[in-house]
Amino acid sequence: MSVRAVTSLTNPTVKAVRALHLRKEREATGLFVAEGLKNVTEGVELGHAPTILMFGKEAAAHPLTRKSIAATLAAGGEALEVTQEILAKVSRRDNPQAVVGVFRQRFTPLEALKPDSADVWVALHRVRDPGNLGTIVRTADAAGCGAVILVGECCDPYSVEAVRATMGSIFATPIVRAGEAEFADWRKAWPGSVVGTLLTATTDHRGADYVRPVLILMGNEQQGLPPEMAALTDVNVKIPMRGRADSLNLSVATGIMIYAAA
Ligand code: SAM
């Protein structure tokens with residue numbers, strides 16, 4: 001296969017990529033969209049070849065675009081030079097990125113995790129906001145966390161908004177999905193500390209005894225951690241709130257916890 005030029009918005013591949021904005025389509029295909037040369041290059045460098053690569057004329061000659069084109073074609077994918085209009089529709093942005101890649105989703109099974117392979121791990125209970133989730137994945141990658149575990153019904157880590165917020169870390173950080181009962185069972189064999197975060201906790205997050213590997217458990221944006229989840233931890237901690245704000249944004253609180261435990 002070689003690079004093809006596509007100019008029609010009704011081209012079947014263009015339509016298929018646009019449809020990946022819908023969660024049900026991502027679930028049905030197991031695919032997701034990553035926008036921008038940095039994100040796409042990150043994927044390619046970490047061994048995730050795009051199944052479809054779209055790029056504008058002006059990006060075609062860039063050495064990193066050429067590398068991504070080569071990786072796409074070598075893996076049997078489609079490489080398409082497309083118009084600005086197609087890039088805008090595919091990204092739902094007036095000012096789209098010049099390169100867009102479609103990749104296969106990868107979820108790591110809970111039982112495949114090796115707790116001793118990293119000092120800090122993150123579990124999110126019923127996270128709802130894709131921007132928070134993407135930012136947490138990026139922070140977990142930056143701090144060398146072992147994985148981000150999504151417990152219960154969470155937003156999709158492979159939505160365009162979440163992937164955007166990861167800034168490429170979606171390819172580097174193992175993502176795990178687990179039901180609440182499954183997580184509760186698996187946690188019994190955790191060799192280090194499981195630390196929950198609760199606004200009602202009396203232990204300061206800097207005063208807790210963190211035994212590595214540390215598994216940090218964060219709550220939902222609206223409800224926080226429910227009692228049955230808080231009961232699964234060794235200790236629950238609070239980040240001091242000294243002003244008028246009654247809580248921190250979930251991704252900010254997770255960042256503080258990750259670096260406190262690291
Ligand atoms: N109304 C919710 C509650 O009562 O928990 C607020 C949830 S807060 C926006 C989302 C999550 O961020 C919390 O479940 C907790 O994991 C974490 N969080 C936010 N502020 C925190 C703090 N000061 N100390 C510990 N965790 C905090």
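This text walks through the ligand site and then turns to the aromatic pairs. The model is a predicted one.

Start at the ligand. A shell of 17 residues surrounds the ligand. Thr197, Gly219, Gln222, Ile239 and Leu248 are the closest of them.

The side chain of Thr197 places an N or O atom 2.6 Å from an oxygen atom of the ligand. Ile239 uses its backbone: a polar atom there lies 2.9 Å from a nitrogen atom of the ligand. How much of the ligand does the protein bury? Taken alone, the ligand exposes 550 Å², and the protein buries 85% of that.

Now the surroundings. The ligand takes up the space of the largest pocket. Which elements give two or more residues to the shell around the ligand? They are strand E12 (235-238) and helix H10 (250-261).

Leave the ligand and turn to the aromatic rings. Across the whole structure, a search finds eight aromatic pairs. One of them joins Trp121 and Trp190. Their ring centres are 5.8 Å apart and their planes stand at 80 degrees. Planes over 60 degrees apart count as edge-to-face, so the Trp121 and Trp190 pair is edge-to-face. The pair links distant parts of the chain, as its members are 69 residues apart. Trp121 belongs to strand E6 (residues 120-125). Trp190 sits in the loop between helix H8 (180-187) and strand E9 (194-197).

Definitions and conventions: Residues are numbered from 1 along each chain as its sequence is written. This is a predicted model: local features need pLDDT of at least 70, side-chain atom pairs count only at pLDDT 80 or more; totals for chains, interfaces and linings use all residues. Side-chain values use heavy atoms; hydrogens and water are left out. A residue is near a molecule or strand if one of its heavy atoms lies within 4 Å of it. A polar contact is a pair of N or O atoms within 3.5 Å; within protein, one must be able to donate a hydrogen and the other to accept it, and residues adjacent in sequence count only if both atoms are side-chain atoms. Accessible areas come from the Shrake-Rupley method with a 1.4 Å probe; for residues, only the protein chains shown count as cover. On a 1 Å grid over the protein atoms alone, a cavity is a set of points where a 1.4 Å probe fits but cannot get out, and a pocket is an open set with protein on both sides within 12 Å along at least five of seven lines; lining residues have an atom within 4 Å of a point. A molecule sits in a cavity or pocket if more than half of its atoms lie within 2 Å of its grid points. Helices (H or I, at least four residues) and strands (E, at least two) are DSSP runs, numbered from the N terminus. Rings of Phe, Tyr and Trp (its six-membered ring) pair if their centres lie within 6.5 Å; planes under 30 degrees apart count as stacked, over 60 as edge-to-face and the rest as tilted.
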